[in-house]
Amino acid sequence: MPTPSDGAHMAKQPHLLVEEGDVHDIALVPGDPGRVERIAEQCEDIEQVAQNREYTVVNATYDGRELTICSTGIGCPSATIAAEELAAVGVETFVRVGTTGALQSDIEIGDMVVATAAAKEEGTTKRYERVEYPAVADYETLSALVDGAEARDEDVHVGPIASDDAFYAETEEYVEDWEAANILAVEMEAAALFTLARRKGLRAGAICTVDGNLVEGTQKGETEDEELPEKAKNNVERAIGIALDAATRL
């Protein structure tokens with residue numbers, strides 16, 4: 001077992017407000033607290049464990065598999081706090097269920113991306129290690145997500161993504177560089193989750209629904225009254241299903 005961080009010695013984690021015994025060994029970790037409820041709606045035995053700041057923690061069961069659902073908020077700093085505290089109280093596997101902006105012209109809004117790795121276009125992981133160290137998905141978790149998609153006859157794009165800190169500073173030059181490097185999409189949390197899990201000897205993977213295409217010049221919310229386009233909203237539900245199926249395989 002990995003050595004827990006100093007936070008493990010606290011009676012209760014300071015941000016998630018959970019302690020050992022409160023959570024299960026696998027956690028689905030969306031960014032949006034509202035998505036915790038959407039994931040839980042597909043489960044049974046739902047129990048809210050804690051709620052504080054951007055963090056909502058719920059326990060549930062899906063197809064006999066006990067799991068925890070915890071929102072991480074936006075960005076790697078917030079996601080790292082969630083991952084550190086969940087790891088300190090017993091979580092061993094993290095599955096990010098998020099949204100992402102496509103960086104390839106053939107990836108459409110509503111498509112789903114399973115990340116193999118994440119480019120570290122953020123600052124949090126630099127406090128843990130050198131930028132040269134890779135932020136990669138755990139093979140078992142990655143495989144479970146791909147197998148879950150195949151079992152549901154769902155198409156997913158599989159490949160590397162980027163995790164970026166500055167949502168409104170993704171310039172045309174950044175987008176062109178990412179596109180040329182065949183990076184599939186950009187989001188804001190996966191690099192931290194992958195890095196932290198690897199360093200602690202834990203597992204992490206990510207599936208994200210495309211909510212815009214930066215190459216085509218579309219950002220989420222630009223043409224809709226709500227944050228996500230209708231097709232993306234529908235496919236978030238399908239991505240949740242894949243993630244839950246993956247959880248039963250892990």
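**Salt bridges and cores**

Modeller: Happy to! By the rule used here, the count of salt bridges comes to 13. Keep in mind that this is a predicted model.

Biologist: What makes glutamate 237 and arginine 38 a salt bridge?

Modeller: The rule asks for a side-chain nitrogen of Lys or Arg within 4 Å of a carboxyl oxygen of Asp or Glu. The closest N and O atoms of glutamate 237 and arginine 38 are 2.5 Å apart, so by that cut-off the pair is a salt bridge. This pair links distant parts of the chain, with glutamate 237 in helix H6 and arginine 38 in helix H1, 199 residues apart.

Biologist: Why is glutamate 237 called partly exposed?

Modeller: Buried means under 20% relative accessible area and exposed means over 50%, with partly exposed in between. Glutamate 237 has 28%, so it is partly exposed. Arginine 38, at 23%, counts as partly exposed by that rule.

Biologist: And how do you know whether glutamate 189 is buried or exposed?

Modeller: Its relative accessibility is 5%, which is under the 20% cut-off, so glutamate 189 is buried. Arginine 96 is at 3% and therefore counts as buried. These two side chains meet in a salt bridge, at 2.9 Å from N to O. Glutamate 189 lies in the loop between strand E8 and helix H5, and arginine 96 in strand E5, so the pair ties together parts that are 93 residues apart in sequence.

Biologist: What makes glutamate 132 and arginine 130 a salt bridge?

Modeller: Their closest N and O atoms are 3.6 Å apart, and the limit is 4 Å, so the pair qualifies. Both glutamate 132 and arginine 130 are exposed.

Biologist: Which residues are linked in a network of salt bridges?

Modeller: Lys120, Glu129, Arg198 and Arg199 are.

Biologist: Now the nonpolar residues. Which have the most contacts inside the largest nonpolar core?

Modeller: Leu86, Phe94 and Phe194 do, in a core of 69 residues. Helix H6 gives the largest share of this core, nine residues. Leucine 86 touches several residues beyond four places away in sequence, among them Leu16, Val23 and Phe94.

Biologist: Last one: what makes strands E2 and E3 a pair?

Modeller: Pairing needs at least two bridges, and six join E2 to E3, so they count as paired. The two strands run antiparallel. As one example, the bridge partner of glutamate 44 is threonine 61 in E3. In the hairpin they form, two residues lie between the strands, and arginine 53 takes a positive phi near 55°.

Methods:
Residues numbered from 1 in each chain as written. Predicted model: local features only at pLDDT ≥ 70, side-chain atom pairs only at ≥ 80, totals over all residues. Heavy atoms only, no water. Core = buried A, V, L, I, M, F, W, Y, C linked by side-chain atoms within 4.5 Å. Buried < 20%, exposed > 50% of the residue type's maximum accessible area, 1.4 Å probe, protein only. Helix = DSSP H or I, 4+ residues; strand = E, 2+ residues; numbered from the N terminus. Contact = heavy atoms within 4.5 Å.
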